[in-house]
Amino acid sequence: MARVKLQRFHDNATRPDIIEPGKPEYEQLGGRWRTDFFSNPHPLTLEVGCGKGEYTVGLAQRHPNRNFLGLDIKGERIWRGSSRAAEMGLTNVGFVRMRAEALAAQFGAGELAEIWITFPDPRPRDRDIKRRLTSPRFLALYQQLLTPGGLLHLKTDNEDLFEYTLEVLAARPGTVVERFTRDLYAETDVEFAEAQAIQTNFEGKYRSIGVPIKYVRFRLS
Ligand SMILES: C[S@@+](CC[C@H](N)C(=O)[O-])C[C@H]1O[C@@H](n2cnc3c(N)ncnc32)[C@H](O)[C@@H]1O
């Protein structure tokens, strides 16, 4: 493994803002993230598949009285988000290295106020439908961890994943789709402002080649 990568993994192991397998807090903070990790009662937002953490860090900067966690399986990407948060002096940000499939072991029921799913892998093959981060099994998981009426947001470049998600939401009783658009940056409604305000690494790449960004905001009940 490259020396830089190894050094970053070593950094992650010593950084208190990163929770990952092998650390004593891993899978022990469920229901206590705000008191034991952030040391405040502020609402907690989770970004699933955060990559280099642009959204997690960007939201934390915009909302100092809220807490933000970025989750990803890739330690090197999390290292970048953690480094940026430290450079900016943010104390309301953390990162968790884990698979989203195991969320229930990491968070307590009703512990999350909001979830952002930013440019998830589209998983186009039929046999991978269950692995899509907006499939019914993931929505059931998110609902369990969100406060009643908690907000969810999806941003994606991928048309098929977006249409799939709208279909899943329409078929799910009690789901309220608040806003959606197939071209986020063509919207002038202030309701889309937060989704337009922060751009992720993948988002930048797709926008630069002219791919419209899709966005949906919804609540599960
Ligand atoms: C296409 S990238 C998007 C990254 C970032 N959100 C962005 O927009 O730049 C998808 C990210 O999701 C992560 N990921 C994919 N499947 C995951 C899973 N099951 N659990 C946690 N992270 C996952 C990948 O490691 C990757 O960083």
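R62 is exposed, because 12 other C-beta atoms lie within 10 Å (20 or more would count as buried, 12 or fewer as exposed, and in between as partly exposed, with C-beta atoms placed from the backbone). This arginine belongs to helix α3, and its C-alpha is 25 Å from that of Q106, a residue 44 positions away in sequence.

A word on the basis: this is a predicted model, where local features need pLDDT of at least 70, side-chain atom pairs count only at pLDDT 80 or more, and totals for chains, interfaces and linings use all residues. Residues are numbered from 1 along each chain as its sequence is written.

Now to the partner of helix α3. The axes of α3 and α4 come within 9 Å and cross at roughly 20°, so α3 is roughly parallel to α4 (angles under 35 degrees count as such). Their crossing is right-handed. The residues that meet, with C-beta atoms within 7 Å, are set out here:

| Helix | Residues | Contact residues |
|---|---|---|
| α3 | residues 54-62 | T56, V57, A60 |
| α4 | residues 75-87 | G81, R84, A85 |

By class, this contact has three nonpolar, two polar and one charged residue, with Gly counted as polar.

Let's turn to the ligand. Its shell has 19 residues, and the closest are G49, G51, F119, T200 and F202; a residue qualifies if its C-beta atom lies within 6 Å. Seven of the shell residues are nonpolar, five polar and seven charged. Both β3 (67-72) and α9 (201-208) supply at least two residues, and α9 gives the largest share, three residues. Helices here are DSSP runs of H or I with at least four residues, and strands are E runs with at least two.

How values were computed
Axes are lines fitted to C-alpha atoms, for helices over the stretch in contact, and angles run from 0 to 180 degrees between N-to-C directions. Angles under 35 degrees count as roughly parallel, over 145 as roughly antiparallel, 65 to 115 as roughly perpendicular and the rest as oblique. A crossing is left-handed if the near helix is turned anticlockwise from the far one by less than a right angle, and right-handed if clockwise. Two residues are in contact if their C-beta atoms, placed from the backbone, lie within 7 Å.
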